[in-house]
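Trainee: I would like to learn how to read a structure, one feature at a time. Can we go through one together?

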Amino acid sequence: MYGCPMPRRAALAAFLGFAPSLLLLSEGRAAAPGLALQQSAVRSSAVTVPRVALLVVSQPAASGARAAIAHTDEEAYRKRLRDLGFEVWTIGAADRPLLDRSLRDAAGRLPEEAQVAVFVLGPSLGGTDDLYLVPADAPTDAGQRPEMLEAEGLRLSDLLRRIARRRPRDLVAVVDECQPAAGGACNLDAAAGTSGASLIGAERAARRGGSATPLAGRASLREPMLAAMAQEGETFLQSYGSLRRGLADSDLEPRASGTLSTSFAFLPQGFFSGLRTDCNRIDPNAEPTSLRGQNLDPALRACEAMMATYPYARAFEDRLQAGREQRAYQRATASCEDGSAIAAYAAAYPAGRFRPLVDTFGLDCGRTRDRQDEARRRQEDEARRRQDEERSRQDEARRRQEELERQMAEARRAQEDQRRRDEERRQQASQQRTTIGSNAGWTLNYSTALLEVSPLMNDQYDTQKESYTTIWYSRQHGQQVMMYVQVSPNQRCGSAQQFITEQIRPRRGQVTRAQDVTSAPLRTGFVLEGRGTAITQGNFDDRSFYDFASVRRDDRSTITNVGGRFPAEYGELYRAELLRMMNSMQLPNRDVFANRCG
């Protein structure tokens, strides 16, 4: 929405029932035309009333170097103010009608009884009786033609007067840089008018320092003002004193209204201790006994995080240092076994508040070690005597163990010999193979020692399904083992994967392999392998399964499905036999159900 043209934006606002300046309530670029609101980043118990900072950047960044600096300043002030508990409202650069509407809208939306801080960023013009904000469409020579200010600029006093109608608890303003128009002056009292606001600002100096010393060039008030805002408990009046010191010998001269607030502070006293953070759980004056068993790591990490956000917060720095010393004390007194922790505390905190306790702990550990060494010597003498006795018993037990191991080794050798003989018999059985064929045109060979063809399913033709089915069972394990070849019409004329997915997969349990397999250049295939075949609806046994479907590339009319089911414990034997059968399988050059798929 930021990039849409102004007429379109205004039309959309009218359609939605909002003013154009309210369309920019987002986390986007805050200094774009209109009003952008961002919530405060933290809450502190030291802040008991709403706090709102209104940042006004009236000139677009592209209009000049000074305006670009103002946009950079807005980002810095916005972050600092949100970190100090302010809700930040930014009014970006716009032409005079939109800027005026945005200012009126912002003033009307302010909560009552709030603390309000106004920041006018970038150059403003000092007239004969007021300070003027310079809209984006104002002529570049407006400062040289004071008669144009009333028509082209916006009075700062009008904005402050409208804010005053909301009965703010405190109203302060910071004018980044006032440039006197021809015949005008930077009169902050005139800008405050009857609003009761306290104003701080600066005016670009034309003078040079004493003895013609060059002045330090400052791009804006940002750096000294941010430093003044970071002083906990410092009132607005005291902030002006800090600002004057920060601008000494620079080309910006501080200005202020006749009276400055002593009740408003950017950073109230107790703000940091009022934040909800584990860092505040660290008590710099904690008693040593209260530190026993206390986990300080979360609080220390919180302090490090708060220092990253508030590098100027002495309160968090003090708690961080205190917490680190407390953790070093915990480690030093945790165990007499860790002498390095005692030495580390003494080196890091030679005058630490726990140093006497750590030294006493170290002495006690030394006396305890002496007693332990004497007891250990006595124990070692007794242990050597017992070791001699135990060694004799162990020698006898070793001899018995060696004899037992010899007997077990002989038993293992006998078992291995028996396994080898069994394997040889299985190898011989696997070599006894015969060839079988089907009216569907295929042939393959199988082990007659392992398998036998089912009398009821020896190339059985099902007239209803138009399928040829051959089934083998195990000679040893019966119908627990079943190998099969089925040739049937490809009713959906789909791929092998589609057939497996629709016809086979729903009747299978856990799948460990599902992938395309190319069995021959003229055919495509898909294999499904895993464990668990359907017994009833939703019920699966624990047998392993292997299913392979194949179709011709030039004519998908026929599906050839080869597969097997067998107990998982015999999977190595029967899976190998199934693969040998598949490798020996020869398919006809022309399928039995040819030309059904067009």
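Trainee: Which hand does the disulfide of Cys336 and Cys365 have, and what is the torsion about its S-S bond?

Mentor: A disulfide is a covalent bond between the sulfur atoms of two cysteines. The rule used here is a pair of cysteine sulfur atoms within 2.5 Å. The torsion about the S-S bond of Cys336 and Cys365 is about -75 degrees, so this disulfide is left-handed. Cys336 lies in the loop between helix H10 (314-332) and helix H11 (339-348), and Cys365 in helix H12 (residues 355-430), so the pair ties together parts that are 29 residues apart in sequence. The S to S distance of Cys336 and Cys365 is 2.0 Å.

Trainee: What should I know about the model and its numbering before we go on?

Mentor: This is a predicted model, in which local features need pLDDT of at least 70 and side-chain atom pairs count only at pLDDT 80 or more, while totals for chains, interfaces and linings use all residues. Residues are numbered from 1 along each chain as its sequence is written, and side-chain values use heavy atoms, with hydrogens and water left out.

Trainee: Is Cys336 buried or partly exposed, and what about Cys365?

Mentor: Buried means under 20% relative accessible area, exposed means over 50%, and partly exposed is in between (1.4 Å probe, protein chains only). Cys336 counts as partly exposed because its relative accessibility is 27%. Cys365 has 1% relative accessibility and therefore counts as buried.

Trainee: How many disulfides does the rule give?

Mentor: The count comes to four disulfides. With bonded cysteines counted along the chain, they follow the pattern 1-2, 3-4, 5-6, 7-8. One of the disulfides joins Cys178 to Cys186, with S to S 2.0 Å. Its torsion about the S-S bond of Cys178 and Cys186 is about -95 degrees, so it is left-handed. Both Cys178 and Cys186 are buried.

Trainee: Which parts does the disulfide of Cys493 and Cys597 tie together?

Mentor: The sulfur atoms of Cys493 and Cys597 are 2.1 Å apart, and they form a disulfide. Cys493 lies in the loop between strand S15 (478-489) and H13, and Cys597 in the segment after helix H14 (571-584), so the pair ties together parts that are 104 residues apart in sequence. The torsion about the S-S bond of Cys493 and Cys597 is about -95 degrees, so this disulfide is left-handed. Cys493 has 27% relative accessibility and so counts as partly exposed. Cys597, with a relative accessible area of 24%, is partly exposed.

Trainee: At what angle do H10 and H11 pack?

Mentor: Two packed helices are described by the angle between their axes and the distance between the axes. Axes are lines fitted to C-alpha atoms, for helices over the stretch in contact, and angles run from 0 to 180 degrees between N-to-C directions. Helices (H or I, at least four residues) and strands (E, at least two) are DSSP runs, numbered from the N terminus. H10 and H11 pack at an angle of about 150 degrees, with their axes 8 Å apart. The residues in contact (heavy atoms within 4.5 Å) are Glu325, Ala328, Tyr329, Arg331 and Ala332 of H10 and Ala341, Ile342 and Tyr345 of H11.

Trainee: Where do H7 and H8 meet?

Mentor: On H7 (residues 222-229) and H8 (residues 236-246), Pro224, Met225 and Ala228 in H7 meet Ser239, Ser242, Leu243 and Gly246 in H8. These two helices pack at an angle of about 145 degrees, with their axes 9 Å apart.

Trainee: Which residues of H13 are buried?

Mentor: In H13 (residues 496-504), the buried residues are Ala496, Phe499, Ile500 and Ile504. They cover an arc of only 100 degrees around the axis, which puts them on the same side of H13. The arc is that of the directions from the helix axis to the C-beta atoms. What covers the buried residues of H13 includes strand S16 (508-520) and strand S17 (523-536).

Trainee: What is the phi of Glu113, and where does this residue lie?

Mentor: Phi of Glu113 is near 60 degrees, a positive value in a residue other than glycine. Glu113 lies in the loop between helix H3 (96-109) and strand S4 (115-126). Its relative accessibility is 37%, so Glu113 counts as partly exposed.
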